[in-house]
Amino acid sequence: MKNLFSLSAFAALLAAPAMAESVAPPCSDFTTEKSSWSCFCDAKAAPGSVWGSGPYTGDSDVCTAARHAGVIGAEGGMVSLKTVDGQASYSGSEANGVITRDWGSFAQSIAFPPPAVTSDLAACGRFPTGTESHSCFCAADASKARDVWGSGPYTGDSDICAAAFHAGAVEEGGGEVTVLRVPGLKEYTASEAAGVATSDWGGYDFSITFNRN
């Protein structure tokens, strides 16, 4: 005996809503036991307590912190975050309609990495010979520990990306830079900025600096 399936039943099946496929766990499940995490913030998620202004204390509400950081808006969405070292103190602030609070020390922090920046330019290295300007790209994970001499301008053989981070020509997410060849100095003085420690040096025949225009 054949199993009959009515047209009305078939139409009802087509009209039934599809099962929603979960692409990420809810951010309420976040744990600092992992070094990195991706999760989803629902638009209806209730606001929670947040301490700090980025990084935030490890027990801060992820979705509320993400809104404060500008990673998501009121509509919610996917969030990528990482667990980073704790801070001696956290300062509250107001941003994007979210008010965070001050706190003292906390063992772990959470931070929202900036979106990856890409470019068609070649990766930066050292300033090429025979040119007066050079445009290249510094990735977000470009090493800050490479050799740099001076505090701006820098010796002509300094690593471009490390110098660019030090100078603030690029931020943590990386980006494109235009480097200019300028006259050398008789002396270059070391300093520390943006996580880059530069070194002292004597005279060098030319220097590099960054075009901010």
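**View 1. Arg146 and its salt bridge with Asp159.** R146 is partly exposed, with a relative accessibility of 44%, in this predicted model. Its side chain meets that of D159 in a salt bridge, with 3.8 Å from N to O, and the structure holds one salt bridge. The two residues belong to distant parts of the chain, 13 residues apart, with R146 in the loop between β7 and β8 and D159 in the loop between β8 and α3. D159 counts as buried because its relative accessibility is 3%.

**View 2. The open four-stranded sheet.** Four strands form an open sheet in the order β7-β9-β12-β8, and their pairing is antiparallel. The edges are taken by β7 and β8 (154-155), each of which has a single partner strand, so one side of each is left without a neighbour in the sheet. Between β7 and β9, which run antiparallel, there are six bridges. Within this pairing, C136 has V177 of β9 as its bridge partner.

**View 3. The largest nonpolar core.** This core holds 20 residues, among which C124, I160, V177, V179, I208 and F210 touch the most other members. At least two of the core residues come from each of β7 (133-138), α3 (160-167), β9 (175-183) and β12 (206-210), and α3 gives the largest share, with six residues. Leaving aside residues up to four places away in sequence, V177 touches C124, H134, S135, C136, C138, I160, A164, A169, V170 and F210. Apart from this core lies another one, of 16 residues, which includes F30, C63, I72 and I110. In soluble globular proteins, nonpolar side chains tend to be buried together.

**View 4. The disulfide of Cys124 and Cys136.** The sulfur atoms of C124 and C136 are 2.0 Å apart and form a disulfide, which is right-handed, with 100° about the S-S bond. C124 lies in the loop between β6 (108-111) and β7, whereas C136 lies in strand β7, so the pair ties together parts that are 12 residues apart in sequence. C124 counts as buried at 11% relative accessibility, and C136 is buried with a relative accessible area of 0%.

**View 5. The disulfide of Cys138 and Cys161.** C138 is joined to C161 by a disulfide with an S to S distance of 2.2 Å, and this link is left-handed, with -100° about the S-S bond. The pair connects distant parts of the chain, 23 residues apart, since C138 is in strand β7 and C161 is in helix α3. At 0% relative accessibility C138 counts as buried, and C161 is buried as well, with a relative accessible area of 4%.

**View 6. The disulfide of Cys41 and Cys63.** A disulfide with an S to S distance of 2.1 Å joins C41 to C63, and with -100° about the S-S bond the link is left-handed. Because C41 lies in strand β1 (residues 36-41) and C63 in helix α2 (residues 62-69), the pair ties together parts that are 22 residues apart in sequence. Both cysteines, C41 and C63, are buried. The structure holds four disulfides, and when the bonded cysteines are numbered in sequence order, their pairing is 1-2, 3-4, 5-6, 7-8.

**View 7. Confidence along the chain.** The protein has a mean pLDDT of 86, and 89% of its residues reach 70 or more. Over residues 1-22 the pLDDT stays under 50, and for this stretch the model has one contact beyond four places in sequence.

Terms used:
Residues are numbered from 1 along each chain as its sequence is written. This is a predicted model: local features need pLDDT of at least 70, side-chain atom pairs count only at pLDDT 80 or more; totals for chains, interfaces and linings use all residues. Side-chain values use heavy atoms; hydrogens and water are left out. A nonpolar core is a set of buried Ala, Val, Leu, Ile, Met, Phe, Trp, Tyr and Cys residues joined through side-chain atoms within 4.5 Å. Buried means under 20% relative accessible area, exposed over 50%, partly exposed in between (1.4 Å probe, protein chains only). Contact means heavy atoms within 4.5 Å. Two strands pair if DSSP finds at least two bridges between them. pLDDT is the predictor's confidence in each residue, from 0 to 100. A salt bridge is a side-chain nitrogen of Lys or Arg within 4 Å of a carboxyl oxygen of Asp or Glu. A disulfide is a pair of cysteine sulfur atoms within 2.5 Å.
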